Amino acid sequence: EVEREQEAFLSVGGWWDVFVVTCQGLMAQGPSHFPQLMHLVCCAYCVRRFDSPAIEKRFLIFAASICFLLRDYSTSFTFLRQLCLKFPGLMVSWNLLSCLPADNRMQKFVLRLFFKQTSNPLLMRLHANYSHTNSNYKLALNQYQMAYEESSEDYLLCLCIAVVYLSMANQKHTVYRSTNALVSQAIGFLHKYQRLRGECQEVLYNQGRAFHQLGVLHMACHFYKQVLVTEPENRDASCYLSSDLRPEAAFNLALIYASSKNRHLALHILNKFCRI
């Protein structure tokens with residue numbers, strides 16, 4: 001009877017709107033109110049009123065996003081795990097999961113799901129990312145290649161494969177002949193990545209970073225200098241600085257100049273592009 005009276009007083013959608021507005025208000029109050037915000041989210045998770053599939057999906061996305069913004073990655077993973085299991089086709093849940101710092105619990109969760117759904121391209125890429133992070137390059141390359149067979153025109157996948165080849169080429173136990181073959185494969189995938197992605201700061205910086213890692217410094221300088229004269233793609237003022245790669249390119253270029261004993265030019269680059 002109490003639930004019926006509450007339902008007559010305010011609908012489920014109304015309660016959801018109240019919850020969202022309250023969370024936004026606590027978020028706007030600053031870090032001092034973050035504990036109350038977390039307490040509200042955890043309490044709302046136990047409310048049976050949000051058990052309907054439509055409300056539950058919105059709540060899990062909202063709760064996982066709030067915990068992620070508050071840097072409570074463990075609680076965020078708890079919500080994301082349920083979101084991935086109940087709504088496996090929801091892309092935002094996989095995107096958030098890939099942004100979380102990888103720990104043993106998360107890697108085991110992805111591995112268990114991957115064994116159950118070996119043809120899932122999202123799990124395949126996540127498993128490959130974790131394998132690459134753990135320096136298991138052969139397994140990562142195998143998973144990336146399987147995903148590449150399904151989506152050969154994905155520029156991000158080409159970049160990931162190139163990075164794995166570069167990592168394998170820089171291993172100490174790799175023999176000279178194998179190194180040449182690995183570097184050739186990496187450069188080939190980098191060229192395909194450039195063709196699919198187009199000419200932009202991101203592509204130029206990644207190419208410079210690849211040659212920098214290989215020790216081909218004159219090519220790295222060439223691409224870093226191109227980054228310095230290229231404007232970022234996103235001109236939105238809110239994320240202009242975060243998407244601008246010129247400070248990173250200038251810092252790496254200064255490291256190259258400093259290693260060649262050209263300290264004056266290194267300081268000039270830092271003062272021009274890396275000054276706040």
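The model is predicted; local features need pLDDT of at least 70, side-chain atom pairs count only at pLDDT 80 or more, and totals for chains, interfaces and linings use all residues. Residues are numbered from 1 along each chain as its sequence is written, and side-chain values use heavy atoms, with hydrogens and water left out. The chain has 16 helices and 0 strands, where helices (H or I, at least four residues) and strands (E, at least two) are DSSP runs numbered from the N terminus.

**Confidence**
- Mean pLDDT (the predictor's confidence in each residue, from 0 to 100) is 84 for the chain, and 90% of residues reach 70 or more.

**Whole chain**
- Of the 276 residues, 39% are buried; buried means under 20% relative accessible area, exposed over 50%, and partly exposed in between (1.4 Å probe, protein chains only).
- Among contacts (heavy atoms within 4.5 Å) with a separation of 6 or more, 49% are between residues 24 or more positions apart.

- Asn-120 sits in the loop between α7 (104–116) and α8 (121–133) and is buried, at a relative accessible area of 14%.
- Its side chain makes a polar contact of 3.1 Å with the side chain of Gln-117; a polar contact is a pair of N or O atoms within 3.5 Å, and within protein one must be able to donate a hydrogen and the other to accept it, while residues adjacent in sequence count only if both atoms are side-chain atoms.
- Asn-120 also caps the N-terminal end of α8, through a side-chain oxygen 3.0 Å from the backbone nitrogen of Leu-122.

**Helix α8**
- The end C-alpha atoms of α8 are 18 Å apart, in agreement with the 18 Å that its 13 residues should span at 1.5 Å a residue; the expected span is 1.5 Å times one less than the number of residues.
- Buried residues of α8 include Leu-123, Met-124 and Tyr-130, and their cover includes α6 (91–99), α7, α9 and α10 (155–169).
- Just after α8, Ser-135 has a positive phi of about 65°.

**Helix α9**
- Tyr-137, Ala-140, Leu-141, Gln-143, Tyr-144, Ala-147 and Tyr-148 are buried in α9.
- Seen down the axis of α9, the buried residues fall within an arc of 165°, so they line one face of the helix; the arc is that of the directions from the helix axis to the C-beta atoms.
- Lys-138, Glu-149 and Glu-150 are exposed on the other side of α9.
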